[in-house]
Amino acid sequence: MISANGKKHDSARMRVRQYVMDLIFQESGKAVRLPSNEDLAKEIGIARSTVQLGVKSLIQEGYLETKRGIGTFTVPQAKFASSKAPLIALLDGDGKIFYQQYYSYSLRSYIGMELCSRSMAVQEVRLYSERENDLFEELRSIRCDAFVCIAPPKSYYEILRRLSALRPVVVVDATIDGLISIELDRYEKGYVLGQVLLKAKRTCPLFSQGKRYFKTTFRGCQKAFSEAGIPLPDSLFFYNDQSLEKVEETLKNGFRPNAAVLSIETFEEIAGLLHRYHIDLNQECRLYTFMYIPPSVQEPVGLFEFPFQEFANQVAATVQRFLKNPDLPRQQQMFNWNYQFHEKQNKEKTP
């Protein structure tokens, strides 16, 4: 059994470790004296006894050493000795996420790699506080040159605005007023999708997507259909959390789509449902998705590959600009891409 009290205690000790490791990195090659246990406890907002335990552990691991009568000092680490790279704190979501899906994991990975390729160092942020002021203090105590925040929740918007007064904050995959923001143009992606569907004469599609895509990707697709004089009713969009039941009800009432635009989360379930209602997925109805094709799917699939590399490149270039000149205007940027469409068939046969 996991002890809740033990988990809370370990979380506080991790804040001591983060403080010390940041100090070793930022003051590369130097032995830096730590504040007293009492002062350090006040600075990072935890109990003095917890600081004492954290410091003792780091001494045993060789990151700190005590000089009698003088104080506790960092031990310079060989791997940081020649490093003067800017340090970027990477916050994914609310900083408390343990399990990732393909999109968020890939986006974070590409951004991290692109930052590192530009001679920056990256640390992933893990947060433990609950209240707004505590979260702000926890973020403020991180010794870094800039923050990159991927799809932060709305409850963090004001915290990040406050944080941006202290160092650059770049928001990715969301738009926050007053902050440097880079978001994908999903409306344009939907418009390109609509053109692809029209060209293939697949004018009776159903959509199973997350809620954020209704006002972006789906609306863009509607625009392309509208320009062609073909209505695309809202009733053909099914939210992921209700799609199986709603799609089955629609199919039961006789609806036969000639295209199905599916999210990765619902792809296999909806494809199975279409099979159950004897809808041919080779000729009659074509499947479409984004990012990758689930390996179990044997039918042809229209694939829009997500430009992770290019998106990450724009993020890293933006971070670099603001490190050089923190006084640049905090603008919202829209990442637009010439979306590449491919029609693929999975050649691997499942047993």
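At what angle do helix 9 and helix 10 pack, and how far apart are their axes? This is a predicted model, so what follows describes the prediction. In it, helix 9, residues 243-252, and helix 10, residues 267-276, pack at an angle of about 20°, and their axes are 10 Å apart. That angle makes helix 9 roughly parallel to helix 10, since angles under 35 degrees count as such. The handedness of the crossing of helix 9 and helix 10 is right-handed.

As for who makes the contact, helix 9 contributes Ser243, Leu244, Val247, Glu248 and Leu251, and helix 10 contributes Glu269, Ile270, Leu273, Leu274 and Arg276. Sorted by class, the contact of helix 9 with helix 10 has six nonpolar residues, one polar and three charged.

Next, the other helix pair. Helix 7 covers residues 186-199 and helix 8 covers residues 214-227; their axes come within 6 Å and cross at roughly 45°. With that angle, helix 7 is oblique to helix 8. The crossing of helix 7 and helix 8 is again a right-handed one.

On the side of helix 7 the contact is made by Arg186, Tyr187, Lys189, Gly190, Tyr191, Leu193, Gly194, Gln195, Leu197 and Leu198. On the side of helix 8 the residues are Thr216, Thr217, Arg219, Gly220, Cys221, Lys223, Ala224, Phe225 and Glu227. The contact of helix 7 with helix 8 comprises eight nonpolar, six polar and five charged residues.

One residue from that list is worth a moment. Is Thr217 buried or exposed? Thr217, which is found in helix 8, has 3% relative accessibility and therefore counts as buried. Leaving out residues up to four places away in sequence, Thr217 touches Arg186, Tyr187, Lys189, Gly190, Leu193 and Phe290.

Now the aromatics. How many aromatic pairs does the structure hold? The count is 17 aromatic pairs. Take Phe207 and Phe237: their ring centres are 6.4 Å apart and their planes are at 20°, so this pair is stacked. Phe207 is in strand 8, residues 205-209, and Phe237 is in strand 9, residues 237-239, which puts the two partners 30 residues apart and links distant parts of the chain. Phe207 and Phe237 are both buried.

A second pair also involves strand 9. Phe214 and Tyr239 are edge-to-face, at 6.1 Å centre to centre and with 65° between the planes. Because Phe214 lies in helix 8 and Tyr239 in strand 9, this pair ties together parts that are 25 residues apart in sequence. Phe214 has 13% relative accessibility and so counts as buried. Tyr239, at 25% relative accessibility, counts as partly exposed.

There is also an aromatic cluster. Tyr102, Tyr103, Tyr110, Tyr292, Phe306, Phe308, Phe311, Phe335 and Trp337 form one such cluster.

On to the backbone. Asp173 has a positive phi of about 65° although it is not a glycine. Asp173 is found in the loop between strand 6, 169-172, and strand 7, 180-184. With 3% relative accessibility, Asp173 counts as buried.

Met291 is another case. Its phi is near 80°, a positive value in a residue other than glycine. Met291 sits in the loop between strand 11, 286-290, and strand 12, 300-304. The relative accessible area of Met291 is 18%, so Met291 is buried; the cut-off for that class is under 20%.

Last, the chain as a whole. What does its secondary structure come to? The answer is eleven helices and 14 strands. Along the principal axes, the C-alpha atoms fill a box of roughly 85 × 50 × 40 Å. The chain has 351 residues, and buried residues make up 48% of them. Among contacts with a separation of 6 or more, 69% are between residues 24 or more positions apart.

Key:
Residues numbered from 1 in each chain as written. Predicted model: local features only at pLDDT ≥ 70, side-chain atom pairs only at ≥ 80, totals over all residues. Heavy atoms only, no water. Axes fitted to C-alpha atoms, helices over the stretch in contact; angles between N-to-C directions. Helix = DSSP H or I, 4+ residues; strand = E, 2+ residues; numbered from the N terminus. Parallel < 35°, antiparallel > 145°, perpendicular 65-115°, else oblique. Left-handed = near helix turned anticlockwise from the far one by under 90°. Contact = heavy atoms within 4.5 Å. Nonpolar A, V, L, I, M, F, W, Y, C, P; charged D, E, K, R; others polar. Buried < 20%, exposed > 50% of the residue type's maximum accessible area, 1.4 Å probe, protein only. Phe/Tyr/Trp six-rings, centres within 6.5 Å; stacked < 30°, edge-to-face > 60°.
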